[in-house]
Amino acid sequence: MVHLTLFEKLWNAHVVADLGEGAALLYIDRIFLHERTGSIALKGLVEKKRVIRHPESVFCTIDHIVDTLPGRTDDTLVEGGKAFIQTTRASARAAGITFYDIGDARQGIVHVISPEQAIVLPGLTLVCPDSHTCTQGAFGALAWGVGSTEVEHAMSTNTLRVKKPKTMGVSFNGTLMAGVTAKDMILHLIAAYTAAGASGYAVEFYGDAVADLTMEARMTLCNMAVEFGAFTGIIAPDDKVIDYIKGRPYAPKGENWQRALEYWQNLKSDKKALFDKKITIEASAIKPMITWGTNPGQAIAIDGQVPFPAQIRDDHQRAAAEKALAYMDIAPGTYLTELTIGGAFIGSCTNSRLPDLRKAGKILKGRKVAKGVRAICVPGSSQIKRQAEAEGLDKIFIEAGFEWRESGCSMCFYAGGESFGFEERVVTSTNRNFESRQGPRTRSHLASPETVAVSAIMGRIASLSDLNEEVGNGTL
Amino acid sequence: MEPFSTIKAVAIPLMQINVDTDCIIPSREMGKVSKTGLGEGLFAGWRYKGTSGREINSEFILNDAKYKQAQILLSGSNFGCGSSREHAVWAMVEYGFKVIIAPSFGSIFYNNCIGNGLLPIILAEKDVISLADWIVEDPQKNRLTINLEKQTVSGPEVMAYYFELAEQHKNMLQKGYDVIDLTLLRQDEIAAFENQDMKNRLWAKLI
């Protein structure tokens, strides 16, 4: 008997044709677009007079450069943004695909709304011209980011030519300490194995600490698989996935639900299946993490010191550390908790879901953002925003001094519109700390929403334990 | 897509690891719904002084006259990591690059290269470093020759390095095929898969 990993099962079920040398023509079940890169793909199809093979398999949202300020329209703070929105809308309508426009109750960040609508399901393939498509691997789907040309290919043929990646198993054993999140797990992993650590691999996450995570937290974990260099990240579906999906708009219904449940039972790596590479991490050893540099692998425990580049043996890593510390304006050996901040951001496809907002809200309740800190919260979808408001979370954020926004990608990246400002230091719940990612020479520190909330209150990089010391109780 | 055969050209060593697509083309440089008009924005954050202007930063290697008319870029591992934006590849092609040599690439970027006739070459890190060391001695004289048919990188004083490339990728680059056209020739196979799939995974179908 052949023992297969989950990845191999997903792969095998979608092979239309073998292309040799480990490549295959893979069937693509669902395609998602957004106005930033999807607009170009839709335009490309029209220019080449190509038709979409299955328009019902294609979905599109507006999230990337639409404003997130209240009362938004097609006009954007990003110069030229309006053309992206209007081209996308016109092309989506002409193509007959499902479109979540500004003002639609279902609008939101693509990787947040796809699960909300159950467009992603276990056992499917899903592509989107967006690198964080791996987020949706949390549902046991093979979901990965592609370019605009590849998504044109997927729309025209419902297939893609893919070279089979190797497989990696990453096991998080044991239990996380209180206050440690999925964001800390993935930053811990990337810091230990570098931002190219999974280059050429599809990664399956498993182990007790993964099973214990909520669906939202699993999405955070898989979201940053691409920052680990992976083709994608996946987690085998369990009852939490089934409970999450059941009854949502695109969930299978009736007999098809039963058929799906039966099919999904087999979506797990066989006990004797072999990964090409295996990594085991003790979950209890993970501390709250934060980045100090300009790639997500440059991260440390929040109470730690940034490295002394002179002590880094690898020439390239040392050069990268020196360059990053200069950019971030941090001296070697600094404790990050000594650094004051000018910005705090909670949002993005990584950490903008309801449990993220609840946890941040619990910290912010009855407290105020420090002077000199601009703090912004952007719910990941219009649905999350409504749910949060129904719970009164908006009031907590606003009273604490946060801006409360409409959903979208917002200041996860700078496209020429809003930014935190030149050389501003920002603690952010997003996924990329690249140079100028959040604004001109902005200095981004990636962390969990909890860490962002505490830092916003303290006016400096800080963790929950700092806040508890400050207020003299350990109850948070 | 222009077919690729053999080129001999000046090469630029941009020897950093993790050069991400935000650095290759910042989002602020992607102003239009277009695959063109992007060459000027290539490496904008490093190539120009300040954050939005066009004042040349003479310290950045692309602005060094020694490397003028370069068509080959050498870099460190994980080149093109990060955002899936194909604009990074369109910008490099428009600027005039035809080949990138690195120890590893971001996987989405790699596929975007193949689709746009930009040849991504993977060589061992030590080989990229020794090529870079040789190039900097006299970049205009020490030009690299890339032979796609033989899958080699060579120079007048350096031995030929063989590189791996999937046969289907090589074929596409050599012939300049539009890969979508190629796959559209396989409609029968796709339809056959869909028919069988209706039996296997009816629950997955939206109609």
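A: What follows goes through several salt bridges and then turns to the cavities.

The model is a predicted one. Over all chains, the count comes to 39 salt bridges. In general, side chains of opposite charge can pair when their charged atoms come close.

Start with a pair that crosses between chains. A:Asp29 forms a salt bridge with B:Arg201, and their closest N and O atoms are 2.6 Å apart. On the side of chain A, A:Asp29 sits in the loop between β2 (23-27) and β3 (30-34). On the side of chain B, B:Arg201 belongs to the segment after α8 (187-200). Both A:Asp29 and B:Arg201 are buried.

Next comes a pair within chain B. B:Lys205 forms a salt bridge with B:Asp197, with 2.6 Å between the closest N and O atoms. Residues under 20% relative accessible area count as buried. B:Lys205 has a relative accessible area of 17%, so it is buried. B:Asp197 has a relative accessible area of 2%, so it is buried as well.

Another salt bridge in chain B joins the side chains of B:Asp22 and B:Arg85, at 3.4 Å from N to O. B:Asp22 lies in helix α1 (residues 21-24) of chain B, and B:Arg85 lies in the loop between β2 (70-75) and α3 (87-95) of chain B, so the pair ties together parts that are 63 residues apart in sequence. B:Asp22 counts as buried because its relative accessibility is 6%. B:Arg85 is buried too, with a relative accessible area of 6%.

The cavities are the other topic. The structure holds eight cavities of 30 Å³ or more. The largest cavity has a volume of about 240 Å³. It is lined by 23 residues, and those closest to its centre are A:His64, A:Asp130, A:Phe413, A:Arg437 and B:Ser83. The lining of the largest cavity divides into seven nonpolar, 11 polar and five charged residues. Domain 1 (6-278) and domain 2 (290-471) of chain A both give residues to this lining, so the largest cavity lies between them.

Methods:
Residues are numbered from 1 along each chain as its sequence is written. Chains are lettered from A and ligands numbered from 1 in the order in which they are written. This is a predicted model: local features need pLDDT of at least 70, side-chain atom pairs count only at pLDDT 80 or more; totals for chains, interfaces and linings use all residues. Side-chain values use heavy atoms; hydrogens and water are left out. On a 1 Å grid over the protein atoms alone, a cavity is a set of points where a 1.4 Å probe fits but cannot get out, and a pocket is an open set with protein on both sides within 12 Å along at least five of seven lines; lining residues have an atom within 4 Å of a point. Grid points are joined across faces, edges and corners, and a volume is the space filled by probe spheres set on the points. Ala, Val, Leu, Ile, Met, Phe, Trp, Tyr, Cys and Pro count as nonpolar, Asp, Glu, Lys and Arg as charged, and the others, Gly among them, as polar. Domain bounds come from an automatic or database domain assignment. A salt bridge is a side-chain nitrogen of Lys or Arg within 4 Å of a carboxyl oxygen of Asp or Glu. Helices (H or I, at least four residues) and strands (E, at least two) are DSSP runs, numbered from the N terminus. Buried means under 20% relative accessible area, exposed over 50%, partly exposed in between (1.4 Å probe, protein chains only).
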